[in-house]
Amino acid sequence: MDKYQEQPHLLDPHLEWMMNLLLDIVQDKTSPADLIHLAFKFLYIITKVRGYKTFLRLFPHEVANVQPVLDMFTNQNPRDHETWETRYMLLLWLSVTCLIPFDFSRLDGNLLTQPGQTRMSIMDRILQIAEAYLVVSDKARDAAAVLVSKFVTRPDVKQKKMAGFLDWSLHTLARSSFQTIEGVIAMDGTLQALAQIFKHGKREDCLPYAATVLKCLEGCNLPDSNQTLLRKLGVKLVQRLGLTFLKPRVAKWRYQRGCRSLAANLQPRLQGPEGSQMPAETADCDSDGDYDVPEDVESVIEQLLVGLKDQDTIVRWSAAKGIGRMAARLPRELADDVVGSVLDCFSFQETDNAWHGGCLALAELGRRGLLLPSRLEDVVPVILKALTYEEKRGSCSVGTNVRDAACYVCWAFARAYEPRELQPFVAAISSALVIATVFDRNINCRRAASAAFQENVGRQGTFPHGIDILTAADYFAVGNRANCFLVISMFIAGFPEYTQPMIDHLVAMKINHWDGVIRELSAKALHNLAQRAPEYSATHVLPCLLSKTQSLDLHTRHGAVLACAELARGLYRLAVQEDRPVADYLDDAAVRGLKQIHQQLYDRQLYRGLGGELMRQAVCVLIENLSLSKMPFRGDVVIDGWQWLIDDTLRNLHLISSHSRQQVKEAAVSALAALCCEYYVLDGGQADPVKQEELLQQYLADLQSPEEMARCGFSLALGTLPRVLLQGRLQQVLAGLGAVTTICPKDVSFAESRRDALKAISRVCQTVGVRAGGAPDEVVCEENVSQIYRTLLGCLRDYTTDSRGDVGAWVREAAMTSLRDLTLLLGREQPELLEASICQQVMCCVAQQASEKIDRVRAHAARVFMTLLHCEGAPLPHVPHRGQLEELFPRSDVASVNWNAPSQAFPRITRLLGLPAYRYHVLLGLAVSVGGLTESTVRYSTQSLFEYMKGIQNDPQALEGFGGTLLQLFEDNLLNDRVSVPLLKMLDQMLANGCFDLFTAEQDHPFGVKLLALCKEETRKSKDVQKLRSGIAVFCGMVQFPGDVRRKVLLQLCLLLCHPFPVIRKSTASQVYEMLLTYGDFLADGVLEEVMAVLGATAWDAELPVVRAQRNHLCDLLGVPRPQLVPKPGTG
């Protein structure tokens, strides 16, 4: 049923037959209790989805149903929490049967059954049930309130029982406390019942009791309760009481909009204003004078106004609806007073809750025609403020709900008023809604503003360029915040009515926003909008922003500096596009102001302390943009100040908080690149020799800093230098960066500096270019290319781990990216510099990374491999097995395969095992994956490996080649736990899966002999429990090899049965037991049984002398010599 939750009306054609089917079960006397409860449970589920009001009408409600439904209650236990659905549905059913048009006393018959005994009347029974279930703790309480409202308001019941029930209700409220759970439950049920009675009862019946109930309600002090539901019910009951005090009537003075047709609104208006309908507010309202308003109404209104400021939305919403309903029955003057009281909610002394409640109330009043056009001049300015309402609280802000509700008000007004009434406010409302649509931080507010704008365009037809804007800023388009700020805003600003309000809003409200992302987007938006209003941006906006750069508020200062940077760049670009002098937009005062920003901040020490990192980042952006804008500062002292800031920032990156460090680093590096290109290159295109020497000497020295972050910063700084500054110093720079990539004992964990140095090497190579016969200090050539490749390939062996995990993966990813970029550069410009050995190493090492265990690294490696294989233009020379690779990895795999997914990556990568050049490296990566810990990686890598092994089972030559590679891999990585431990696990699985059955058929096969020797060497003197367990498993698997290998394996296992670690002894015994069950046919039956008995019966974690005796007995049974104790050196 849950799938119908969003559109429950689709169930309507089926409700009747479903209900009848279930009620047949309920009414069947033979149905067991559990089945009846199940039927009621299903009925409840349908009711939950469709709503009880629709469902109620379908219940059978004949006279004959009253007694059976009442009888069913006799079997119900109100405290049984398993069957509450049954009681809930029975109460609803009973509430429908209460609507029968006969007096209940007719159904009672003779109440005197025996002399002196009286049966309870049906009326009393129903009332007793209702009162009992109004104070239960489950959902039956809600149904009991519905029952009461239907029952007590019956003509025959109200005369006899209404006063008594209300008396009982008020006593319940008076003695209950919202401080206790029981009190809250009792008050909840009672308030629901009272609210329903005053809603459904006739006014003349309820009016005599209304004042008493109101007085009792005031005594309950519900606004002080921390229970949201009680406060909401209190507000609901108060408004029902207020409506009881006032006669139901349609206010003659209310505003009525004549035409509500969208088509009519969108048609051109041929007739003038004199032909339009006169507003209804001029209608006769003389009848207001003779209408007497009770004093209690003032108390009701006051309580509703307090409810508008409640801390919970549902209470405020209920109060807003109450205000609207009450105002509709009040005389015009009093209703206007209510509007004035609602407007008092919009004081800046009030909380965001009051603003939100006020917006909801205004929308309700407007929707009902109770907010007369004469009041719009007071209301619209308030709503415009609410559309941008935001109040900072700590590290975030409140006001999202206020802005959303303000959009709802605009939506409601569009439907409520004739276009001519809103005409004076169109410019302000349309601009405010457009601003909220594109510049609000919250996605819901942007969408609400878009919907309100759309409603106004359709209903009013007066919003400028409405259809064009709606097309660009629809519900889905405004979902992306960056798209709103940078793309949609640019389109809307093309309409002159909106350009200046949008710019003003950014400067006034968004440049100083508490969220740094909004400040950055606002600055970029101002850069774009400068093209739409260049004169206004230059003469008004830029001076205003320059004054804000000295603000005491950190966020204002940061946003203003960013905005100055972006705006100056935008105006420069515009001048270049229009082929005008920059001075047309940036006069001397503006240039002087931009130049002074750094010195003013430095003098006030605003680069230090908590906000220093924000200001450093902002001024670095300023430096970059002013340099790109070719400001006339060459030789000026400000350049030295800028250089100091960049160097100081890079040197002290470790003092900057980790969450903003990357952003500050990137800003400083980008600033340096722009600064060097503009101010350190002489007119002839040569580098300033003094600056070049000073800069390179300092940066190369800083590469050896003891701070990792400083190394990162200066590595990237060197990588971003322009070509002219690197000329004549290339070898020196590459050597310095190469030294950073080398792992030394004191900086093993400096993975980030190694990563950034690799990025820098790649950038330097791209910057200086390639020339085969060039000088090694000028370009990449045959003299230095080999050293560069050695550095990059060496970093692919970085498997450093620390508390953060495999940090070497960052280095390996950067190395692969750099290898790709350098190799493609060489292949494109100087393919002769690519040696066959280098190309083979690159492809093989990348293939190894593509078969390892970390999804992200594997995917990156696979993409690099595919890029090198299918590069644009001429294919790379010397790629091993290119033809077969192109068949195994077609170009279509680049886009179609998700290399992050082990299920897609491993089946493809294991195909490389069939190519001799790649086998060693791919097997090295697979060993780590197959023996890893991640379940999905292990499963798919193992499946792919076994699939490959199955294909070569009957090919002795291929299996020999694979076995030789495997042994070579083991030998090369002896005692390298990163590889050897997972390799042992992989060997165990391969032996158990029968991958080497071809070798086990031969006595003392060289593979088995060599493997045994390597396993012994790997586990000898090891204290690593995980490694020893994996070694034991491999030894057990090697029992398959007959001859001398088997004897030596059994001896190894016997030695491990007396290992110093009890856990290893137990593990060995357990695995040997399993091994003999599987491969024990080499022993005679009697011996096998005895060996199994000894293994099973011995406590292998006991003292060594006890265990040793049993082990020796096993040695005799297995036919291997007993191990002899070797005395420790220095004993005896």
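User: Is His465 buried, partly exposed or exposed?

Analyst: Keep in mind that this is a predicted model. His465 sits in the loop between α21 (443–459) and α22 (466–472). Its relative accessible area is 31%. Buried means under 20% and exposed means over 50%, so with 31% His465 is partly exposed.

User: And Asp579, is that one buried or exposed?

Analyst: You'll find Asp579 in the loop between α27 (554–577) and α28 (588–603). Its phi is near 55 degrees, a positive value in a residue other than glycine. The cut-off for exposed is over 50%, and Asp579 has 73% relative accessibility, so Asp579 counts as exposed.

User: How many disulfides are there?

Analyst: A disulfide needs two cysteine sulfur atoms within 2.5 Å. Take Cys844: its sulfur is 6.9 Å from the closest cysteine sulfur, in Cys845, too far for a bond. Cys396 is in no disulfide either, as the nearest cysteine sulfur, that of Cys445, is 14 Å away. By this rule the count comes to zero.

User: At what angle do the axes of α7 and α9 cross?

Analyst: Two packed helices are described by the angle between their axes and the distance between the axes. Here, helix α7 (residues 140–152) passes α9 (residues 181–200) in a right-handed crossing. Their axes come within 8 Å and cross at roughly 35 degrees.

Notes:
Residues are numbered from 1 along each chain as its sequence is written. This is a predicted model: local features need pLDDT of at least 70, side-chain atom pairs count only at pLDDT 80 or more; totals for chains, interfaces and linings use all residues. Side-chain values use heavy atoms; hydrogens and water are left out. Axes are lines fitted to C-alpha atoms, for helices over the stretch in contact, and angles run from 0 to 180 degrees between N-to-C directions. Helices (H or I, at least four residues) and strands (E, at least two) are DSSP runs, numbered from the N terminus. A crossing is left-handed if the near helix is turned anticlockwise from the far one by less than a right angle, and right-handed if clockwise. Buried means under 20% relative accessible area, exposed over 50%, partly exposed in between (1.4 Å probe, protein chains only).
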